[in-house]
Amino acid sequence: MKRNIFIYALAFISLLGFTDLRAQIQMPQASPAGSVSSTVGLTDVTIDYFRPKVKGRKIFGEGSNFLQPYGQLWRSGANSGSVLSLSTDVSIAGKAVAAGEYLIFTIPGSDSWEFMLYSDLSIGGNVAAYDQSKEVLRTSVSSTELNNTVETLTYAITDISEDNTSANIQLAWENTSIKVPVTVDFDAIVMKDIQ
């Protein structure tokens, strides 16, 4: 009898150990995390996001046959949305934006997109919770049709100027790209450091 109890106890402990091992197994995400960063002037610009894939789907276009129809609010990434971090104050599309972290939302269109920065990170990618009063920035940017398909959503910080005072935040996915201009002013920071 004692031997049976010992065997049952050993089997139970083994089962618990197996369950614990299964809980530790990691699988790749359908939309893996990505991050891009660059220093423009003296400003660290970082975008943390999740990268959905095209997987044969129609992504941007008119009507319900598309994953992201024109004219509808999009979290501009997958999962919990995309976050832009700025280490100093900047100007985006000619509008002042304070240093901080912001969710990126867009409204795709055929020729141009609305690009928004949102101050409440707690909503993540929940477009239903979007409150326009928490927008820090809204601007319209042109979209470009790409010759080659970008299979995985990609953000980049591109076109850094020779004098290091401007760059573009670029989003590219499927056959579409947008660029949002960012301008920095580091003279005041340098002069403050000199003083």
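## Burial and surface

Of the 195 residues in this chain, 38% count as buried, meaning under 20% relative accessible area, with exposed set at over 50% and partly exposed in between (1.4 Å probe, protein chains only). The model is predicted, so local features need pLDDT of at least 70 and side-chain atom pairs count only at pLDDT 80 or more, while totals for chains, interfaces and linings use all residues. Residues are numbered from 1 along each chain as its sequence is written, and side-chain values use heavy atoms, with hydrogens and water left out.

The chain exposes about 11400 Å², and carbon and sulfur atoms supply 52% of that area (Shrake-Rupley method, 1.4 Å probe; for residues, only the protein chains shown count as cover).

## Overall layout

You will find 2 helices and 11 strands here (DSSP runs numbered from the N terminus: H or I of at least four residues for helices, E of at least two for strands). Along the sequence the pattern reads α-β-β-β-β-β-β-β-β-β-β-β-α.

Among contacts between residues at least 6 apart in sequence, 53% join residues at least 24 apart; a contact here means heavy atoms within 4.5 Å.

## The nonpolar cores

In soluble globular proteins, nonpolar side chains tend to be buried together. The largest nonpolar core in this chain has 32 residues (a core is a set of buried Ala, Val, Leu, Ile, Met, Phe, Trp, Tyr and Cys residues joined through side-chain atoms within 4.5 Å). Elements giving two or more residues to this core include β1 (33-40), β2 (43-50) and β10 (135-158), and β11 gives the most, with 7 residues.

Ile-47 is among the residues with the most contacts inside this core. Leaving aside residues up to four places away in sequence, Ile-47 touches Gly-34, Ser-35, Val-36, Val-83, Leu-84, Ile-104, Tyr-155 and Ile-169. A second, separate core of 8 residues includes Leu-103, Phe-105, Met-116 and Tyr-130.

## A buried asparagine

Asn-168 sits in strand β11 and is buried, at a relative accessible area of 16%. Its side chain makes a polar contact with the side chain of Asp-159 (2.8 Å); such a contact is a pair of N or O atoms within 3.5 Å, where within protein one must be able to donate a hydrogen and the other to accept it, and residues adjacent in sequence count only if both atoms are side-chain atoms.

## Helix α2

Met-191 lies in helix α2 (residues 187-194) and counts as partly exposed because its relative accessibility is 46%.
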